Amino acid sequence: MDCDAFYASVEKRDNPELRDRPVIIGGGKRGVVSTACYIARIKGVRSAMPMFKALQLCPEAVVVRPRMAAYVEASRAIRAMMDELTPDVEPLSLDEAFMDLTGTEALHGAPPAAMLARLVKRMEDELGLTGSIGLSHNKFLAKVASDLDKPRGFSVIGKAETAAFLHDKPVSLIWGVGQASQAALEKAGIRTFADLLRWEKEDLTRRFGASGTRLWHLARGEDRRRVSARAPVKSLSNETTFFEDTADPDVLDGHIWRLAEKVAARAKAKDIAGRVVTLKLKRANFALLSRRVSLREPTQSADTLYRTARRLFDQVGDKGPYRLIGVGLSQLEDDAQADLSGDLLDPGAAARRRAEAATDAIRARFGADAIIKGRALR
Amino acid sequence: MKISIERGTLLKAVAQAQSVVERRNTIPILANVLIEAEGEHVSFRATDLDIEVVDRTLAQVERAGATTVSAVTLHEIVRKLPDGALVQLTEEAASGRLTVEAGRSNFSLATLPKEDFPVMASSEYTANFSAPAPALRRLFDKSKFAISTEETRYYLNGVYLHVAQGADGKVLRAVATDGHRLARIDTDLPPGAEEMPGVIVPRKTVGELRKLLEDDEAEIVVSVSETKVRFATPEITLTSKVIDGTFPDYTRVIPAGNTRRLEVDAGEFAQAVDRVATVSSERSRAVKLALDEDRLVLSVNAPDSGAAEEELAVAYSDERLEIGFNAKYLLEIASQVDRENAVFLFNSAGDPTLMREGNDESAVYVVMPMRV
């Protein structure tokens, strides 16, 4: 199940005046488009586009600042409905989740297709939000199916028609095959699934490593990954692809802080902490730079993540420009041991830690953007 | 080159060389030891480009010359030879090999040209002085546990050796810290050291240096410049680059206003910490110190594995205090104490704590508490 223009739909629901107008969620002077409603999309507005560009394409658009608290609440309500269908719900984000409905027909007295149709109807009736359903025999195809017929879509890819369906489709259909992988595949003469089918498993693996093996299976519509509500998290990371490549250290600093805050917020929500901080940079020519460092004790603090990632950034010794930056946290464990000791050489750390705790408390009550650091505006 | 040398003397020289060479090396010559024989002496030189060690020793030189062979292989061979054996090293010009003979054992080792061996450039030293080995040994032994391994703060990866103002005049001081604990050790300022620039001696150099300081009677000649430091005995010369960075202002870190005084038998204390920490498998588990009138209760509470508590009779007369520390840090600091009593000075549960040996200000330790 994948919600349609989720943030924008929540805004339209909560403010009926917006219903028939193009709505863009995002903000800030340097802001980028987070979500655009379907009316704005007709004009060419896309996610991750800089706001000024979006407004050139669609000057009449209404720009709305994101209200994360409202989206989280809507997401929880949808999650509760999904939980009634199956215990195996694996959320991918606030507005998207896998459900394993194997064997639920006996329980509900109706086949999965019927139950899913009821789910989206309930979402519309009770929450005023629409979603698209993709039903298939594995995760890869279900995800593909959910995008086929958006918005308010309902697509089924059965086992029998899998091969015929995939045959002419481009390999970019596969989640995770971005521009760089596409270019590499193109070099090998692979553009469509039909091209992939001509390759032996060994040859694909030799050329593309583990992802080659995966491609061989996906080409045959095979994907054995389980839908799991409790998949153990091994790492947390967030990254941003810039609309325009940048080498500006101030802009990058702002990104490092926002990413650190996002990763920290996810760690705190899950009551976990990590010992290894990773900084990932993709240069304009797609070359990937990755730096990591182990901490003395696990952390879930945005301040520690930011300072560590920033130190790694300062030591990269490459002026850029970059097209992507990411911050990650790994070697995760529960947060019982997190951020317990201070740093003799950084006497301000204790005060900043208290400030972060206070910020978290304020956000929990008044919403994510109730209080932000100036640094976040860079 | 052809020399004869007693096995024990050779082993000592080669052991020092092989510990300097890096195990994983991309430049083959750096795995080798340069052997140079001339007059009545033979010298063994090894380097990793940051540290160079030269061991010069008496030998029977039949034919002068120089060559290089694998330091690790030569060390292994010499180590396995019988004690007291006379070892003969001969360079075979024709085959380009070095033969090692002792009794009935005979080895032939590949060599690399001596011209390829990188000899560290000599430099001008700002200060030269000599200090007794035990004084230097104390400086480094008591501070090295606090050296950081964190690569992002590379300037903490060594001991900061410098001249400082002590309670009774100038001292030679060693400071190391990793941000969680700090050690500050002083010794009398040797004559001639006044002008020495402060240098950060890298961790590996501190380890190598230790072998020069074993002999209680030895006087060590120390030479210091902005970029290099050299320690020399009559036989061994250890030259090292220093860490190019600024050591942070540690004086701000050492609390001056801590008034809550705990005096405890250092040995008993260390043993008790060690015992209660046993129940926790976690590497960073906190030990809680609960202080009350002449009473200290140490406890560890590890929800998954268990709990432990131990009470110690101590001298403490201030307000009640509960404070937590990383067990490992506390143990390391407590085990630095040579005398009977350790004195802890606390402020609050969130502030750095100071520890010293009795009232001796020449060895001071600071440790950051943990939340418990």
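**A first look at chains A and B**

In chain B, residues 1-120 have end C-alpha atoms 23 Å apart, and the span is 20% helix and 48% strand (DSSP runs, H or I of at least four residues for helices and E of at least two for strands). This is a predicted model, where local features need pLDDT of at least 70 and side-chain atom pairs count only at pLDDT 80 or more, while totals for chains, interfaces and linings use all residues. Residues are numbered from 1 along each chain as its sequence is written, chains are lettered from A, and side-chain values use heavy atoms, without hydrogens and water.

**Domains**
- An unreviewed UniProt entry annotates residues 1-120 of chain B as "domain: DNA polymerase III beta sliding clamp N-terminal"; such annotations may be inferred rather than shown by experiment.
- Chain A has domain 1 (2-68), domain 2 (162-219) and domain 3 (235-377), with bounds from an automatic or database domain assignment.
- The centres of domain 1 and domain 2 of chain A, taken over C-alpha atoms, are 34 Å apart.

**Where the chains meet**
- Chain A brings 17 residues to the contact and chain B brings 24 (heavy atoms within 4.5 Å).
- About 2000 Å² is buried between chain A and chain B, with 50% of it from carbon and sulfur atoms (accessible area, 1.4 Å probe, lost on being put together and summed over both).
- R296(A), L344(A) and L345(A) supply 39% of the area that chain A buries against chain B, more than any other three residues.

**Charged pairs**
- There are 3 salt bridges between chain A and chain B (Lys or Arg side-chain nitrogen within 4 Å of an Asp or Glu carboxyl oxygen).
- R311(A) and E150(B) form a salt bridge through their side chains, at 3.3 Å, N to O.

Conventions
Buried area = accessible area lost by both parts, 1.4 Å probe.
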